[in-house]
Amino acid sequence: MPTPRIVRKRAEMRDLIVTNRALGRRIGFIPTMGSLHLGHTSLIDRAASECDDVVTSIFVNPIQFGPNEDYEKYPRDLHADVHLLSQHGVRWVFAPDVQEMFPPGDSTRVEVSGPAKPYEGTLRPSHFSGVATIVLRLLQSAPAHNIYFGAKDWQQILVIRQMVRDLGIDIEVVTCPTVRDQDGLAMSSRNAYLSATERKRALVIYSSLRQAEKLWCSGVAINRIEQELKKMLSAQEIQIEYADIVDAKSLLKMHKNNPNASVIILIACRVGSTRLIDNLLLPSQTLSSC
Ligand code: AMP
């Protein structure tokens, strides 16, 4: 497959997309922060199966990191990323520098309320404003037909969907399933920070989610399932930020099993100094999917 064209400037990116849309080509867009893995390429493959052209952005977005977070040390390897993208049929890689996306004097931010407020929004107060702002700016440079996100960042998808609805952005938001390593750990660029022993301990995140699912399917009360989740995580010395069973759309806490709600378990935790998030959508108790 041909090597993707690397585009550095917003205006050039926009021209390419607008021209190809006018030729009748359907465009799929995958925003990323690079350090790409099979989670990212699953989004790209989905886009390639649904669109004529795929554009991926690689941009480590400074404004979605808090002051004491890992912006400086976030892994960056554009060369390896472009090599991987060339194997997945990506046509353009949009890789602007920080000044291009946030020119001197820049002072506009997108603030989403509602789904951006709890969980990540409380623990990382400027995070979703940073995410919404960059996604909107990227979309102005790459006005695609479809945009693809991973279910691993569940709350992020709700925030983007809210923004797209509120601002009337003409794009289809597609959610793709979480890709895991064979042992169940959700793929993440941040897994590279884990030592071998931390990585082993981190496996309890997925096993606790699956155990919770089992309890859910046997009708155990939600607060008891949450207790069990927390017990399993703590036994591996995982520092829990949250491990809650919530309504998957509103993110409101569920107090008792509601057979009609779509329900998700959300986890954020630290393994050593590495912060990881994961989640699992629970099967409906009314259907025979349990
Ligand atoms: P990031 O580079 O971490 O900002 O992620 C870019 C996109 O890839 C986001 O939509 C993520 O949700 C998605 N993503 C990251 N990890 C995974 C994974 N393990 N499975 C599926 N999608 C993922």
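A: Contact means heavy atoms within 4.5 Å of each other. Residues are numbered from 1 along each chain as its sequence is written, and side-chain values use heavy atoms, leaving out hydrogens and water. This is a predicted model, in which local features need pLDDT of at least 70 and side-chain atom pairs count only at pLDDT 80 or more, while totals for chains, interfaces and linings use all residues.

Q: Which residues is arginine 275 in contact with, leaving aside its neighbours within four places in sequence?

A: Arginine 275 is in contact with Glu120, Leu123, Arg124, Arg190, Glu241, Tyr242, Ala268, Cys269 and Arg270. Arginine 275 itself lies in strand 9, which covers residues 274-281. Helices (H or I, at least four residues) and strands (E, at least two) are DSSP runs, numbered from the N terminus.

Q: Is arginine 275 buried or exposed?

A: Buried means under 20% relative accessible area, exposed over 50%, and partly exposed in between (1.4 Å probe, protein chains only). Arginine 275 has 16% relative accessibility, so it counts as buried.

Q: Which side chains make a polar contact with the side chain of arginine 275?

A: A polar contact is a pair of N or O atoms within 3.5 Å; within protein, one must be able to donate a hydrogen and the other to accept it, and residues adjacent in sequence count only if both atoms are side-chain atoms. The side chain of arginine 275 has such a contact with glutamate 120, at 2.8 Å. Arginine 275 also has a side-chain polar contact with glutamate 241, at 2.7 Å.

Q: Where is glutamate 120 found, and what does it touch?

A: Look in helix 5 for glutamate 120. Not counting residues up to four places away in sequence, glutamate 120 touches Pro125, Phe128, Gln155, Tyr242, Ala268, Arg275 and Ile277. Glutamate 120 counts as buried because its relative accessibility is 5%.

Q: What does phi tell me about tyrosine 119?

A: Most residues other than glycine have a negative phi. In tyrosine 119, phi is near 50°, a positive value in a residue other than glycine. You will find tyrosine 119 in the loop between helix 4 (98-101) and helix 5 (120-123). Tyrosine 119 is buried, with 11% relative accessible area.

Q: What is phi in glutamate 237, and is that residue buried or exposed?

A: Glutamate 237 has a positive phi, near 55°, and is a residue other than glycine. Glutamate 237 sits in the loop between helix 9 (222-235) and strand 7 (239-247). With 64% relative accessibility, glutamate 237 counts as exposed.

Q: How do I read the places of lysine 231 and serine 86?

A: Find the element, then check the accessibility. Lysine 231 is in helix 9 and counts as exposed, at 57% relative accessibility. The C-alpha atoms of lysine 231 and histidine 83 are separated by 42 Å, and the two residues are 148 residues apart along the chain. Serine 86 belongs to helix 3, residues 78-86, and counts as buried, at 11% relative accessibility. Leaving aside neighbours within four places in sequence, serine 86 is in contact with Met1, Pro2, Thr3 and Pro4.

Q: Which residues around the ligand come nearest?

A: A residue is near a molecule or strand if one of its heavy atoms lies within 4 Å of it. There are 17 residues around the ligand, and Met33, His40, Asp153, Val179 and Met187 come nearest. Helix 2 gives the most to this shell, with three residues.

Q: Where do backbone atoms lie relative to the ligand?

A: A backbone N or O atom of methionine 33 is 2.9 Å from an oxygen atom of the ligand. For valine 179, a backbone N or O atom is 2.8 Å from a nitrogen atom of the ligand, and for methionine 187 the distance to a nitrogen atom of the ligand is 2.9 Å, again from a backbone N or O atom.

Q: What does the domain assignment give for the chain?

A: Domain bounds come from an automatic or database domain assignment. Here the assignment gives domain 1 (5-176) and domain 2 (189-282). Their centres, taken over C-alpha atoms, are separated by 26 Å. The contact between them takes 21 residues from domain 1 and 18 residues from domain 2.
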